[in-house]
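Look at the model first, then read on.

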Amino acid sequence: MRCAPLSHSRTCYTSSVILGLGVSPMRRREFIVLLGSGVTGWPLAARAQPDRIRRIGLLMGFAESDPEGQTLVTAFREGLQKPGWREGRNIRIDTRWAAGDMEVMQRLAKELVALQPDLILSGNTPTTAALLQQTRTIPIIFVNVADPIGSGFVASLSRPGGNITGFITMEPTIAGKWLELLKEIAPRVARVALLFNPATATYFDIYLKPFKAAALSFGVEAIAAPVHNSSDIESILAAQVREPNGGLIVVPDTFLVAHREAITSLAARHRLPAVYPFRMFTDAGGLLSYGNDVIDNYRRTASYVDRILKGEKPSELPVQIPVKFELVINLKTAKALGLEVPLFLQQRADE
């Protein structure tokens with residue numbers, strides 16, 4: 001029993017009052033049952049509610065059989081583990097592979113949007129364009145887009161707006177650096193073709209302008225070399241060796257990445273020195289590559305996925321520029337082309 005002062009008298013009560021004594025036996029029993037179920041049953045019910053598995057769509061420009069594409073997806077999955085996202089536990093990833101085919105990209109984009117995922121990761125410019133044709137509400141994060149403003153994907157880099165943000169692959173000024181590297185490894189080069197597919201590299205002009213400007217300073221003839229299919233690649237490369245001292249620069253382009261084995265093989269056959277945007281080309285036998293570390297971009301993307309899944313809006317996440325670049329030289333290819341790689345260039349190379 002406890003007593004509490006009330007005015008000048010003492011009012012005493014027991015816990016029986018709290019439990020409803022003083023009311024009818026039936027009402028008292030109902031009150032006790034209700035109180036008991038509220039105290040003991042609620043935590044059990046809460047524990048029985050599993051965390052919702054979040055769904056992520058992933059549209060890749062690579063073929064599913066391409067080991068490079070698989071490496072990038074693996075890097076993305078590894079990046080997600082750092083903030084605690086695990087497949088089968090709290091996320092599900094639906095991956096689609098377009099193999100560089102524009103029509104397939106359109107179909108797969110529609111397919112992924114129909115799944116109504118929490119967000120979609122887009123591998124490049126063509127896949128991003130295909131996804132934006134299907135949705136303006138589902139958050140989209142692009143990984144390797146060359147010109148997000150010029151492509152109409154974002155309003156600005158600092159405040160993208162809409163349902164999309166992401167990571168840039170390379171800035172336009174790198175085109176001048178490609179030509180500089182080509183002249184350093186093959187000083188006699190006098191005619192250089194810039195290779196791109198206008199259908200998949202709709203942004204080609206951002207690289208073509210600085211390439212032409214750099215060509216003037218180096219006294220090199222700059223040649224725009226658009227290709228539309230695989231047979232065009234062979235004819236362009238053959239044309240470059242009809243006259244002496246030809247060279248080649250390949251822009252970051254979904255179509256050219258898909259045909260990298262053919263491009264590097266043809267360049268070797270025609271003994272044509274070439275510079276490429278990604279190390280996957282030098283891994284395939286290309287002479288030299290310089291560009292951002294694509295694997296690093298995929299790992300970094302996981303941080304934006306985490307933030308969006310936790311409630312942030314893509315419109316408020318600034319577009320990120322690349323932070324990690326790599327220079328890779330294939331010495332075996334250089335030897336086959338009869339080129340002496342300067343020591344200073346070897347020392348600057350990451351590999």
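## The second largest cavity

The lining of the second largest cavity holds eight nonpolar, four polar and no charged residues. (Ala, Val, Leu, Ile, Met, Phe, Trp, Tyr, Cys and Pro count as nonpolar; Asp, Glu, Lys and Arg as charged; the others, Gly among them, as polar.) Its volume is about 50 Å³. A cavity is a set of points on a 1 Å grid over the protein atoms alone where a 1.4 Å probe fits but cannot get out; lining residues have an atom within 4 Å of a point.

Helix α10 (260-269) gives the largest share of this lining, three residues. Among the lining residues are Thr-264, Tyr-276 and Leu-337.

## How the model is read

This is a predicted model, where local features need pLDDT of at least 70, side-chain atom pairs count only at pLDDT 80 or more, and totals for chains, interfaces and linings use all residues. Residues are numbered from 1 along each chain as its sequence is written, and side-chain values use heavy atoms, with hydrogens and water left out.

## The largest cavity

The largest cavity contains about 250 Å³ of space. It is lined by 22 residues, and Gly-123, Asn-124, Thr-254, Val-257 and Phe-278 are the closest to its centre. By class, the lining has 14 nonpolar, seven polar and one charged.

## Two packed helices

Helices α6 (residues 174-185) and α7 (residues 205-218) pack at about 40 degrees, their axes 7 Å apart. The residues in contact (heavy atoms within 4.5 Å) include Trp-178 of α6 and Phe-211 of α7. They divide into 10 nonpolar, one polar and two charged.

How values were computed
Axes fitted to C-alpha atoms, helices over the stretch in contact; angles between N-to-C directions. Helix = DSSP H or I, 4+ residues; strand = E, 2+ residues; numbered from the N terminus. 1 Å grid on protein atoms, 1.4 Å probe; cavity = no way out; pocket = protein on both sides within 12 Å on 5 of 7 lines; lining within 4 Å. Points joined across faces, edges and corners; volume = space filled by probe spheres on them.
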